[in-house]
Amino acid sequence: GNAIRIGASNSGTVSSNITISSNTISGALDEAIRLDNAQGNITIDGNTISGMRNGPNSNMQAAIFIRQWSGSSQITVENNRIVDNQAGLNAIAIGSSVSSGTFSNIGGKNVVDPLEIGLCRGNLTFSNRAGDKYGDDFGGFNCSSTAPASMTYTARGNTLQPSANAASYDEDGIDFNVGSYGFLNANITSNYVEIKSSSNNAFTTDFRGAASVNITATGNTFISTNDPIDISALTISGLTSYSNTGGSIIITGNTIQNSTDPNQLLDVTARAKNPSSAYTATSIVTPVYSITMQNNTIIPSMQFSAANIDFDQFYAVGSSDYPLFYVNGALQTDNSPLPE
């Protein structure tokens, strides 16, 4: 059901130096444009994608899906229009071999994201196909400290309006997934992202393990019925001294709106996979993520403050089990809200 699919198979063949431009794609299943182990210079420009729906594949569904587990890439996704996903599941997906377990928990909703990025999302940090159904039975996609993968990703000038209403949709807008030994530098600029589904986010991340990330979002419009921005990070068992763990997310000069609850603009989640007793004697690195939100236009007009933040997971300050989050310089815990 993919319209354009290029890249790796079990043999390890990779995509390199590719331009995908000015295509009109309607009714694709799972992914409309999919690149596996993208490397080199990649440009995806001026495409129109509509009418997508879950197919029989896995949990990778995205209109433009790019993943990487080795080498380096410079990716530009710009001036694409992704609209009007089809409500509910395709009949093929309902009867497929992956329609049980996690996959069935979507309750018959269509979960195709407009833009999804998977860097070093192997089973060492993101479970396996049976766990979160991101894989497709190749069984690889892990990175290592001796062979990390780096991606520079630019999303610019895209219009992302995947759902028509809340009832039959459950998709994110721009979704970054980075596992251990992935180095991500991303710029999200001048995109219009509007999510009308009942629970998901306009801009979201999932960082796990020894990930190194730097993301800047500026000049975008992020509208969602849930927190427009969701930043999540997870440690893994055996995470020891790796100096590059953590990073920064700078969110400045954007228009941000939660159309259901104006007091919730940012959801921050810190998770720990295992307690500190599971770690080795090697010195432990606690991932530290710094989030800066400034000079954004909030609709309705208000100042960004502690009332706009939802912190999802309690952790003891200084605990090596959990990533630490700072928002505008303030450490986030359930016990110490961000100063006004």
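# A guided tour of a predicted model

Residues are numbered from 1 along each chain as its sequence is written, and side-chain values use heavy atoms, with hydrogens and water left out.

**The whole chain**

Now colour the protein chain by pLDDT: the mean is 83, and 78% of the residues reach 70 or more. Residues 275-282 form a stretch where the pLDDT is below 50, and this stretch has 14 contacts in the model beyond near neighbours in sequence.

Switch to a cartoon view, in which the protein chain has 3 helices and 27 strands; helices (H or I, at least four residues) and strands (E, at least two) are DSSP runs, numbered from the N terminus. Of the 340 residues in the protein chain, 55% are buried, where buried means under 20% relative accessible area, exposed means over 50%, and partly exposed lies in between (1.4 Å probe, protein chains only). Among contacts between residues at least 6 apart in sequence, 82% join residues at least 24 apart.

**The sheet of ten strands**

Next, select the strands β2-β5-β8-β11-β14-β17-β20-β23-β26-β27, which in this order make an open sheet of 10 strands with mixed pairing; two strands pair if DSSP finds at least two bridges between them. Its edge strands are β2 (15-21) and β27 (330-331), each of which pairs on one side only. Inside this order, look at strand β8 (residues 72-78), which pairs with β11 in the parallel sense over 7 bridges, and there you can find Ile75 standing opposite Tyr153 in β11.

Stay with the sheet and move to strand β17 (residues 212-218), where Ser212 is found. Ser212 has a relative accessibility of 12%, so it counts as buried. Leaving aside neighbours within four places in sequence, Ser212 is in contact with Gly182, Phe183, Leu184, Asn244 and Gly246.

**Strand β19 and its partners**

Select strand β19 (residues 229-234), which is mostly covered, since 6 of its 6 residues are buried. Show the side chains: Ile229, Ile231 and Ala233 point one way from β19, whereas Asp230, Ser232 and Leu234 point the other way, and all are buried. Which strands pair with β19? Strand β16 (residues 203-208) pairs with β19 in the parallel sense over 6 bridges, and strand β22 (residues 266-271) also pairs with β19 in the parallel sense over 6 bridges.

Now select Glu194, which is found in strand β15 (residues 192-195). With a relative accessible area of 16%, Glu194 is buried. Not counting residues up to four places away in sequence, Glu194 touches Leu160, Gln161, Pro162 and Ile223. The side chains of Glu194 and Tyr192 are joined by a polar contact of 3.2 Å, a polar contact being a pair of N or O atoms within 3.5 Å, of which, within protein, one must be able to donate a hydrogen and the other to accept it, with residues adjacent in sequence counting only if both atoms are side-chain atoms. If you draw a distance between C-alpha atoms, Glu194 and Gly173 are separated by 7.5 Å, although they are 21 residues apart along the chain.

Follow the chain into the loop between β15 and β16, where Ser197 is found. Is Ser197 buried or exposed? Its relative accessibility is 0%, so Ser197 counts as buried. Beyond neighbours within four places in sequence, the contacts of Ser197 include Ser163, Asn165, Ala166 and Tyr169.

**The disulfide**

Finish with Cys120 and Cys143, which form a disulfide with their sulfur atoms 2.1 Å apart, the cut-off for a disulfide being a pair of cysteine sulfur atoms within 2.5 Å. Cys120 lies in the loop between β10 (113-119) and α2 (123-126) and Cys143 in the loop between α3 (129-132) and β11 (149-156), so the pair ties together parts that are 23 residues apart in sequence. Both ends are covered: Cys120 is buried, with a relative accessible area of 1%, and Cys143 counts as buried at 8% relative accessibility.

How values were computed: Predicted model: local features only at pLDDT ≥ 70, side-chain atom pairs only at ≥ 80, totals over all residues. Contact = heavy atoms within 4.5 Å. pLDDT = per-residue confidence, 0-100.
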